[in-house]
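Hi,

Here is the structure I promised to pass on. Please open it first, then read my notes.

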Amino acid sequence: MIEDPVIWTAFERIATEFPDRPYIITSTGTTTFDEARQHAERLAATLHRAGLGHRVPRSELNGWESGQDHLAFYVGNRPAYVEGLLAAFRARVVPVNINYRYVAEEFVEVMSMSRCRGVIFDVEFAETLRTVLPELSCVDVLIQVGGDAPAVPGAVLYEDIIADPSLTTDDMEEPTVDDLCIICTGGTTGRPKAVLWRQADLICTMLGDRHIVSSEQIRTLDDLVRGAGKRELRAQIAPPMMHLTGIGLALLLGVSGGTVVFPDPPYGIDADEIWRSIERDRVELAVVVGDAFGRPMLEALRRNRFDLSSLRVIMNGAAAMTPAVKLQLAEALGGTVRVTDGIGSSESGVLARSVRKTETRPGVFNPTSDAGIVSVEMDRWLAPEDASIGWLAGRGRIPLGYLDDAEKTAATFPVIDGQRCTVPGDRARWLPDGAIEVLGRDATTINTGGEKVFSDEVERVLVLHPAIEEALVVGRPSERWGQEVVALVVLSPGQELDRAAILASAGEHLTRYKLPKDFIAVPRLERTAIGKPDYAWGRTLAAGAV
């Protein structure tokens, strides 16, 4: 997209052109584009009256600084999350995603780090909020979703706000392309960080240059409207909206005339309900997060029959889905549904998408037009014919930096060959056919005998063996090797841990020093609060099994 879009302006135009089209569908009802616009405007007016908004022009700030007030979203998958995002943009307030699974200590840390003046929260989280508010002196705006009365002192009810027609935005300044959106990382590579995106750059990374509905070229706002007029596209968001994937897709649909479908429940996974929602609401595109969704959805498909004739694509992101699960899902759906993977991060958006037949080429992706590989020293871009291991990187529309952290901003967003880049931390290399092999995060790299082993690379090979359902590979202290490779594995039903057979199978794909020195069978793999494999748990377990 050539022109910088303002998210609110684009959404408002779509809502004006297609007022009665459904924008958000849940099991309890439908919100049209016009209703969502009215709700967002009333909430924006409330934020404005409470004193939240824009403070310092972007031109006077460094990349790691924000000149706006921040609003935390402590909400599950509900219409209020989507309407609240739009309201924040209208009020020139920065939305901040908060992981609803955080315990009180984690919640305080992220709220303080992201400097939130307000929070919109589900009534289910009122107890945690009451507990931590004394430690959050900066918070003075509380908006409660659900409940008949405020469950936290000083809170106002969301439902009362959106029902009040006297709340208007007539006296408010218009948002700009430089207004921000904050995406908080989950802390999988260290402490959580707040990534600053210009909202125009964030939406453009989601839009690409083709309309999600019509597939036509996008150059102007008129192109967005024209594409939206072709037909409706319904996309289901089952993973938590606190992920960039959910936030980005909901906004993309809002400016493209598409429909967000939320299956029940607002928190957690009900695989049967995911399929029932696809059937009931005629979903074409479904978003999932790794095996945490893929496996229970596959089991539900095997238990029950659903009419999934509307479904065209299952799009996986945020966490890896093992090749076997992808292949089995595609087969269970009769080969008519594409199951795709994306690789990216809060610091980059999507940098690459899975190639065809990834079940035989695990970890291989096609880079986007702005993605590539930079050298280990981060001093040059590697040419596609250079097979050296480097860092997966992006350029073009990328974040400004990390909130209030100049040092980490410089490290993750360096200038290379005259271009400002994003280097989130994934090791990668070019393949001869122009695809990229992603080897894994540097934080999960194992140094064994002076050689580097990437956990992701070993895990993808181990699960090719039929006896292994899931694998997590970690390093364990070793007198001989410094670190030795250890695999924690979940066995497939009815299978036994045959180390020799598994090593023989893995040895067909990996050199000897990358093979596990030990295997530990576990009933399940622990995951972090955002559904990714918990490597800290794995390292602790492996160290105790010597």
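This is a predicted model: local features need pLDDT of at least 70, side-chain atom pairs count only at pLDDT 80 or more; totals for chains, interfaces and linings use all residues.

**Whole chain**

The chain has 16 helices and 28 strands. The C-alpha trace spans about 70 × 55 × 50 Å along its principal axes.

Buried residues make up 57% of the 546. Take the contacts with a separation of 6 or more: 66% of them join residues 24 or more positions apart.

**Surface and charge**

The accessible surface is about 22,000 Å². Carbon and sulfur atoms hold 48% of that area. On charge, I count 57 positive side chains and 77 negative ones. The centres of the two sets lie 4 Å apart.

**Helix α8**

Now look at α8, residues 221-228. Which of its residues are buried? They are D223, L224, V225, G227 and A228. What covers them? The cover includes α1 (7-17), α7 (199-207) and α9 (244-256).

Check the start of α8 as well. There, a side-chain oxygen of T220 comes within 3.3 Å of the backbone nitrogen of D222.

That is everything for now.

Best wishes

Conventions. Residues are numbered from 1 along each chain as its sequence is written. Side-chain values use heavy atoms; hydrogens and water are left out. Helices (H or I, at least four residues) and strands (E, at least two) are DSSP runs, numbered from the N terminus. Buried means under 20% relative accessible area, exposed over 50%, partly exposed in between (1.4 Å probe, protein chains only). Contact means heavy atoms within 4.5 Å. Accessible areas come from the Shrake-Rupley method with a 1.4 Å probe; for residues, only the protein chains shown count as cover. Lys and Arg count as positive and Asp and Glu as negative; His and the chain ends are not counted. The place of a charge is taken as NZ of Lys, CZ of Arg, CG of Asp or CD of Glu. A polar contact is a pair of N or O atoms within 3.5 Å; within protein, one must be able to donate a hydrogen and the other to accept it, and residues adjacent in sequence count only if both atoms are side-chain atoms.
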